[in-house]
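Here is a set of questions about the terms used for one protein model. Each answer sets a value against its cut-off.

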Amino acid sequence: MLSGMQMDMNLFTEQIQNDFHQFVAEQDKAFQEMLEKNWQELQLFNGTVREGNKPPVVPTATPDDKRPTPTQLNGTPVPPGKTPPPAPVRVPKGETPSRLSTYTFTFYGTPVEIEYDKSSTLSFTGSIQEKEIAAYWAKLADTTYDPLLNSLFAAQRKMGLNDWGFYQLVSGFAASAYQRDVTSTRLLTWFLLNKGGYRARLGMAGNEVILLLPFQQGVYEIPYVEKEGMRYFAMQPVQGNLRTYNGEFAEGNRPLDLQLTSSPSLTGSAIKERPVAFTFNRKSYNFPLRYNQGLIDFFNEYPLTDIGVYFDASLSWELKEDLYTHFMPILTELEKKKTRYNSCSTLFTRHSPI
């Protein structure tokens, strides 16, 4: 039998969860009512062209260089060498693991296994109108979507994805689950990003929905709109006039951070080789370098952003290993020659008759 203290604790925990779910339900209801109102037409600006692609003077990195502190999923600063804070874990609405389904899809060549409740992937069957989208939000909010969101966060941590990687992960899951249903894919991505704390916005253009995302860094050559004092970039091509709702979802308040503190761990992606040949000090070198095709594909789809972001990105471990294996003997030999030269120079200097 449970002690009185344990029973009180259980009741207290249950009350906290009920209050939380009531709070979330009220937020969802308020946002649904916001979505039902007439959406505002916005001007779509052409993507900004990044000026000065090449610096006039090649920068020199020193240990004293001041770099911006990287931020991770929850937007709080992460000191160098520290582990990023874990993604928020939501309280499931009475879901038990035995009722969950498992879905596997491929993310840049790497298999990803996601646990979810099938109700959280219901399809959008209405027309592209304010009330239909508002009703779909309400239906998704009433599903057991927390296991899906928590599973996506777990996959993000496992692969070391930043905010852009998480967006691609959510979008990739939705696209795989819905197959050719583009509208449902974009709507579920929009829903999950907002529920995950991101400031994602939705637009309507003709008979299509457009996902609009803000970023902490500068983004170039992607069309955007300005709303609530922030730039939202269109993740899909826009045909016709673009409209969006007024206000924001209360839980979604973080622009996506494009900072790269590490390369994604895409261990299931194909490893390929590229031959490298060059001549140095009248000696020819020829050897292969391995690279991760999944990482190449990931960065090919990365937004054009501030140059400093790319300098902070690290190499894949395969490429690091090959560079070390092939270049260390060359550098070691150069160091030996430099040491011999310095020794001879010192010797002749000390014994010079002048």
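Q: What makes the set of 64 residues a nonpolar core, and which residues have the most contacts inside it?
A: In this predicted model, the largest nonpolar core has 64 residues. The term stands for buried Ala, Val, Leu, Ile, Met, Phe, Trp, Tyr and Cys residues joined through side-chain atoms within 4.5 Å, where buried means under 20% relative accessible area, exposed over 50% and partly exposed in between (1.4 Å probe, protein chains only). F107, L152, F166, L169, W190, L213 and F215 have the most contacts inside the core. Helix α4 gives the largest share, 8 residues. Another core, of 9 residues, lies apart from it and includes L42, I210, L212 and V238. In soluble globular proteins, nonpolar side chains tend to be buried together.

Q: What are the conditions behind these values?
A: The model is predicted, so local features need pLDDT of at least 70 and side-chain atom pairs count only at pLDDT 80 or more, while totals for chains, interfaces and linings use all residues. Residues are numbered from 1 along each chain as its sequence is written, and side-chain values use heavy atoms, with hydrogens and water left out.

Q: Which residues does L169 touch, not counting residues up to four places away in sequence?
A: With contact taken as heavy atoms within 4.5 Å, L169 touches F105, F107, V112, L152, A155, Q156, M159 and L161.

Q: Why is F215 called buried?
A: Its relative accessibility is 10%, so F215 counts as buried. F215 is placed in the loop between β5 (208–213) and β6 (219–220); strands are DSSP runs of E with at least two residues, helices are runs of H or I with at least four, and both are numbered from the N terminus. Leaving aside residues up to four places away in sequence, F215 touches W164, F233, M235, P255, L256 and L258. F215 and M230 are 15 residues apart in sequence, and their C-alpha atoms are 9.1 Å apart in space.

Q: Why are α4 and α5 called oblique to each other?
A: Helix α4 (residues 163–178) and helix α5 (residues 182–195) pack at about 140°, with axes 9 Å apart. Axes are lines fitted to C-alpha atoms, for helices over the stretch in contact, and the angles run from 0 to 180 degrees between N-to-C directions. Under 35 degrees counts as roughly parallel, over 145 as roughly antiparallel, 65 to 115 as roughly perpendicular, and the rest as oblique. The pair α4 and α5 is therefore oblique.

Q: Which residues of α4 and α5 meet, and how do they divide by class?
A: From α4 come F166, Y167, V170, S171, F173, A174, A175 and Y178, and from α5 come S184, T185, L188, T189, L192 and L193. By class this contact has 10 nonpolar, 4 polar and no charged residues. Here Ala, Val, Leu, Ile, Met, Phe, Trp, Tyr, Cys and Pro count as nonpolar, Asp, Glu, Lys and Arg as charged, and the others, Gly among them, as polar.

Q: Is S171 buried or exposed?
A: S171 has a relative accessible area of 19% and is therefore buried. S171 lies in helix α4 and touches T185 and T189, not counting residues up to four places away in sequence.

Q: What makes α3 oblique to α4?
A: The axes of α3 (residues 146–159) and α4 come within 10 Å and cross at roughly 130°. That angle makes α3 oblique to α4. The contact is made by L148, L149, L152, F153, A155, Q156 and M159 of α3 with D163, F166, L169, V170 and F173 of α4. These residues divide into 10 nonpolar, 1 polar and 1 charged.

Q: What is the phi of Y108, and is Y108 buried or exposed?
A: Y108 is not a glycine, yet has a positive phi of about 50°. Most residues other than glycine have a negative phi. Y108 sits in the loop between β2 (101–107) and β3 (110–116). At 16% relative accessible area, Y108 is buried.

Q: Why is E228 called partly exposed?
A: Its relative accessible area is 42%, so E228 is partly exposed. E228, in the loop between β7 (224–227) and β8 (230–234), has a positive phi of about 55° although it is not a glycine.
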